[in-house]
Amino acid sequence: MTLTRADRPTTGQPADRVVYRRPDLLSDISTHYCPGCGHGIVHRLLAEVLGDLGLGPRTIAVAPVGCAVFAYDYLRLDFVEAPHGRAPAVATGVRRVRPDAFVLAYQGDGDLAAIGTAEIVHAAARGEAITVIFVNNGIYGMTGGQMAPTTLIGQRTTSTPGGRDARTAGYPLPITEMLALLPGVGYAARGSIAEPASIGKAKAMIRRACEIQVAERAFAIVEILSTCPVGWGMTPRESARHLAEDVPATYPLGVIVDRFRGAATTVGAGR
Amino acid sequence: MAVAAPASRVPLPARARGRAFHPLEIDIDRCKGCELCVGVCPPGVLVLDPTIVNRLGHHPVRLVDATRCTSCALCARICPDAVFTVYARPRETSR
Amino acid sequence: MMTAPTFPDERVLMKGNEAIAEAAIQAGCDAYFGYPITPQAELLEWMARRMPELGRAFVQAESELGAITMALGASAAGARVLVSSSSPGMSLMAEAMSYMAGSELPVLVVNVMRGGPGLGSIGPAQSDYFQATKGHGHGDYRVPVLAPSSIAEAIALVADGFDLAERYRTPVILLADGILGQAMEPVNPHFRSLPPRHDDWSLSGADGRPPRVVRSLHLRPEDLEVHNDHLGAKYRDIATHEVRWVGERLDDAEIAVVAYGTAARVARTAIARAREAGLAVGLVRPISLWPFPAAALARLAPRLRALVVVELSAGQMVEDVRLAVEGQAPIFFHGRTGGMVPAPDEVLGAIRRAWAITADRTVAT
């Protein structure tokens, strides 16, 4: 539970303990994200974690191309826009010339696992001391709902109207498991924003990923399974249920590797 | 259907003014009516208010029974728009 | 009009690629990103040795695309950045050139040109003129392009390039070719240093100040038009103040050879032979390919019986010469492609042909 700042409530109530308030690192601008979109939850978790760790003033963040292209309007951080897929390379450039900065890359599934695959693999291979937040909702939201590398087999999208067929469109890419093989990767984990319990675990993963950069100067990636209600053709609550029940069979939750806490753990649910 | 009043806070109903405790503050002009909070609230005391259309064009969420809210903050944890401020119930306030 | 640089007293032999690299280091380059490609691998290798010695950033990226995008990030974070490549690698950098122009980021990019198109050859060429001055990425933007014709000049233009890039907040291309990159020439080992970058827009963490954003996205067309107008005003400013070219033996010339880089050196020898044969020939050597010295050519053309454009290409700069001259004088072209370098006598032959064909032409005095 986040306690960002103990404060007097503004409604003139007796001085109660604030259990939760909107994190300071979230700007006042209402996001353009669709109702129920997971990006809003992930932005919020990032704002909470960076606020808790006091990293806001020294963060330089890299914004993707995708629905989160306007992330710089929603988080009170220095931001640089990257071309589609290039965020890990842009982050590398920042990292190498700003040794004291906290460097964050925020990417979607097309950005990281399609057009940007070379950039993420090599940033991870070099062990760049950056933290990558990888929001995976298995679809291209910004461009209208086409297939992503992480789209599930059988999932209908505007470019797989009959459902994804592995024979022609291949299999969902387990990019985070692939990256976890690399010795330069200090931490790789997969969380989900489907329900409060997994949101809490996802927040802990984001926090650990940030700590890995600060304490160990190593590469960390947190993949966060997310929803796209409009792209999936579901209500937000239906999307959350689908995410909780159907997606982890292809993308299991858990810490895939944490090289600074003993032997690497194998892929599995929970922690 | 009434359009939301300029003030973005939920107005206190008459019976609640005075020393009653309010566990939730809802920024109704940020809410997008996604109902994720409605789905996770354990006592089920959150609903969309059909009498209000907010600045974003949605029916915002409303706390229908403050006495049954336990300040668990699951609503705040799942809200994509950080609409909620949650307060812990002080021990001396009776339900 | 600038005078050609004079040779100093002290000289050392330096390979072009290495001289360019060291010039960047002495000019205060904070970071280098590159990918091996012939004929500029020595530049990357020099940086690989020197930058870590100095505690500065060096990354051999996974591709030229990676390298230029790292440069984008480093520049956004306030660093003075060099990237180098050769023609096929420059094609991969097209995307980032557009983004850096739109985001107004200073980066110096060195292209040591080789034969193309496609994988081409590793011989020297000038067939990236279109790419450098009019091409690479999408959108309305220009990029200053500086073309040295000697290693000494390349050293000077590295510092000029960083200075231009930072004064105007723009990528800048230093356009060399495989001969310049690989040859060794005597140079003055005293390189120009520049004061460090200092600006109020680059990223360092929003500590005690509002957050800053470096971006090229302006989603509302009205906003993007305003941004494009701003860029256009900048490019007009550069076009007004940053034209660089050199004239040699033009005072009494009836024919002007127009050439840059290595082609200009071949042309100089051909012109000397033409003069010995009694032909009044001079040289116009553009140093800035963008902004192109169009006004100078327009002023010169009425008193010339011909211009002879010489390039290591199928003819690219010649189009800009035609645009500048606007029909005031006939224009002839001599070029070699594929990595071939014209011999001085070939160029002399082209001059003689132009001289003969225009025998009846009267010119303004």
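Two strands are said to pair if DSSP finds at least two bridges between them, and the helices (H or I, at least four residues) and strands (E, at least two) are themselves DSSP runs, numbered from the N terminus. In this sense, strand β6 (residues 185–192) of chain A is joined to β7(A) by seven bridges, and the two strands run parallel.

This is a predicted model, in which local features need pLDDT of at least 70 and side-chain atom pairs count only at pLDDT 80 or more, while totals for chains, interfaces and linings use all residues. Residues are numbered from 1 along each chain as its sequence is written, and chains are lettered from A and ligands numbered from 1 in the order in which they are written.

**Chain A as a whole**

- Chain A has 10 helices and eight strands. Its radius of gyration, taken over C-alpha atoms, is 18 Å, close to the 18 Å that the globule rule (2.2 Å times the number of residues to the power 0.38) gives for 271 residues, so chain A is as compact as a globular protein of that length.
- The C-alpha trace of chain A spans about 60 × 40 × 35 Å along its principal axes.
- Of the 271 residues of chain A, 59% count as buried, a term used if 20 or more other C-beta atoms lie within 10 Å of a residue's own, with exposed meaning 12 or fewer, partly exposed lying in between, and C-beta atoms placed from the backbone.
- Two residues are in contact if their C-beta atoms, placed from the backbone, lie within 7 Å; among such contacts in chain A between residues at least 6 apart in sequence, 62% join residues at least 24 apart.

**Strand β7 of chain A**

- Seven of the seven residues of β7(A) (residues 219–225) are buried, so this strand is largely enclosed by the rest of the structure.
- F219(A), I221(A), E223(A) and L225(A) point one way from β7(A), whereas A220(A), V222(A) and I224(A) point the other way, and all are buried.

**Where chain A meets chain C**

- Two pairs of chains touch, and the most contacts among them are between chains A and C. This contact takes 28 residues from chain A and 33 residues from chain C.
- On the side of chain A that touches chain C, β2 (59–63), β3 (78–81), α3 (87–97) and α5 (117–125) of chain A each supply at least two residues, and the largest share, eight residues, comes from α3(A).
- By class, that side of chain A has 15 nonpolar, five polar and eight charged residues, where Ala, Val, Leu, Ile, Met, Phe, Trp, Tyr, Cys and Pro count as nonpolar, Asp, Glu, Lys and Arg as charged, and the others, Gly among them, as polar.
- β3(A) pairs with strand β9 (residues 213–214) of chain C in the parallel sense over two bridges, and V80(A) stands opposite V214(C) in β9(C).

**Where chain A meets chain B**

- Here 30 residues of chain A are in contact with 29 residues of chain B.
- β1 (18–20), α1 (38–53), α8 (196–216) and α10 (236–245) of chain A each supply at least two residues of the side that touches chain B, with the largest share, four residues, coming from α1(A).
- That side of chain A divides by class into 15 nonpolar, eight polar and seven charged residues.
- β1(A) and strand β6 (residues 84–87) of chain B pair in the antiparallel sense over two bridges, and V18(A) stands opposite Y87(B) in β6(B).
- Chain B and chain C, by contrast, do not touch, and their nearest C-alpha atoms are 20 Å apart.

**A sheet in chain C**

- An open sheet of five strands in chain C has the order β10-β12-β11-β14-β15, with mixed pairing.
- The edge strands, each of which pairs on one side only, are β10 (245–248) and β15 (331–335) of chain C.
- Strand β14 (residues 306–311) of chain C and β15(C) pair in the parallel sense over five bridges, and in β15(C) the bridge partner of L307(C) is I331(C).
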